[in-house]
Amino acid sequence: MQLPHPRTGALFTSPVSPGSGWPGDPATGATAVAASAATVESLAAEVGSLGELEALVSVCRACPRLVEWREATAAVKRRSFADQPYWGRPAPGWGDARPRIMVVGLAPAAHGANRTGRIFTGDRSGDFLFAALHRAGLANQALCVDAADGLTLNDVRMAAAVRCAPPANAPTPAERATCAPWLDAEWRLIRGDVRAVIALGGFAWKAALQMLRRGGAAVTVPAPTFGHLAAAEFDGLTLLGCYHPSQQNTFTGKLTPAMMDDVFAEARRRAGIR
């Protein structure tokens, strides 16, 4: 069954077919599909542009459990979104093509990015995050409801360590390892401009450290410890920790707007953004 996109009105199946016209869809029906960890590693190593990487990520099927979960969620839907089509595919990174700041998260939300097709868009974590980016002058607006809402990022690119929505927000170690080459490729393509990496939560901190290590940075043993506003230096680059903007953290006050503002202010300073 096809349903209308909430902004454009165009009809789509759930999950969305590559090249069918979804706002921001980077893939076509001819985009190569990674169906194994070995294929992810091979394709990621050879990718030469962000556009190509985004397309490859958006059709990846290398983790059977995650494919089954994301597509089942897209088919069943949450009641409040039952009248909408769901993206139901991996969420590629997005933002400035030459960013000074990179934001690394955990994974798409089942009814957030798995529905909208854009990481951190369409859920309360995204509302909190993009409002902070807007206050910091790093986004043109705080609105983040769908992939055609006009939101753009300034000097910032964001990506998830795992690109598919996982059951219970918990990817397995094997799934994390399978997806890691996509993050490594993204880092390879943008690292010449980045001066600050923000890790949203402890898992993202570990993923960012692994990304930096595989990219040639000298990561100490034991590795730097995660904490809110924790900072680790790597030859002109700073890794900053930030509590994840989950509802559990924001509703309980573990992470407040002022605390997130502090992180982005520090990232701007470290990245030399005036």
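**Cavity, pocket and helix packing in a predicted model**

By class, the residues lining the largest cavity comprise nine nonpolar, one polar and three charged. Rolling a probe the size of a water molecule over the atoms shows where empty space is left. Counting cavities of 30 Å³ or more gives one, and the largest cavity holds about 90 Å³ of space. Its lining is made up of 13 residues, with Cys 60, Cys 63, Cys 164, Cys 179 and Trp 182 closest to the centre. Two elements, helix 3 and helix 6 (173-190), each give two or more residues to this lining.

The largest pocket has a volume of about 540 Å³. A total of 24 residues line this pocket, and those nearest its centre are Ala 109, Ala 110, Asp 123, Ser 125 and Asn 169. Helix 3 (64-76), helix 5 (124-135) and helix 8 (247-252) are the elements that give two or more residues to the pocket lining. Sorted by class, the pocket lining divides into eleven nonpolar, ten polar and three charged residues.

An unreviewed UniProt entry places the feature "domain: Uracil-DNA glycosylase-like" at residues 92-264. In the model, this span is 35% helix and 14% strand, and the C-alpha atoms at its ends lie 22 Å apart.

Two packed helices are described by the angle between their axes and the distance between the axes. For helix 5 and helix 9 (residues 257-271), the axes come within 9 Å and cross at roughly 55°. The crossing in which helix 5 passes helix 9 is right-handed.

A few features of the backbone complete the picture. The peptide bond from Ser 14 to Pro 15 is cis, with omega near 0°, and Pro 15 sits in the loop between strand 2 (11-12) and helix 1 (37-46). Another cis peptide bond joins Val 221 and Pro 222, where omega is about 0°. Pro 222 belongs to the loop between helix 7 (202-214) and strand 7 (231-233). Lys 77, although not a glycine, has a positive phi of about 70°. This lysine, Lys 77, is found in the loop between helix 3 and strand 3 (94-95).

Technical notes. Residues are numbered from 1 along each chain as its sequence is written. This is a predicted model: local features need pLDDT of at least 70, side-chain atom pairs count only at pLDDT 80 or more; totals for chains, interfaces and linings use all residues. Side-chain values use heavy atoms; hydrogens and water are left out. On a 1 Å grid over the protein atoms alone, a cavity is a set of points where a 1.4 Å probe fits but cannot get out, and a pocket is an open set with protein on both sides within 12 Å along at least five of seven lines; lining residues have an atom within 4 Å of a point. Grid points are joined across faces, edges and corners, and a volume is the space filled by probe spheres set on the points. Helices (H or I, at least four residues) and strands (E, at least two) are DSSP runs, numbered from the N terminus. Ala, Val, Leu, Ile, Met, Phe, Trp, Tyr, Cys and Pro count as nonpolar, Asp, Glu, Lys and Arg as charged, and the others, Gly among them, as polar. UniProt positions are given in the numbering used here, feature names are shortened, and annotations may be inferred rather than shown by experiment. Axes are lines fitted to C-alpha atoms, for helices over the stretch in contact, and angles run from 0 to 180 degrees between N-to-C directions. A crossing is left-handed if the near helix is turned anticlockwise from the far one by less than a right angle, and right-handed if clockwise.
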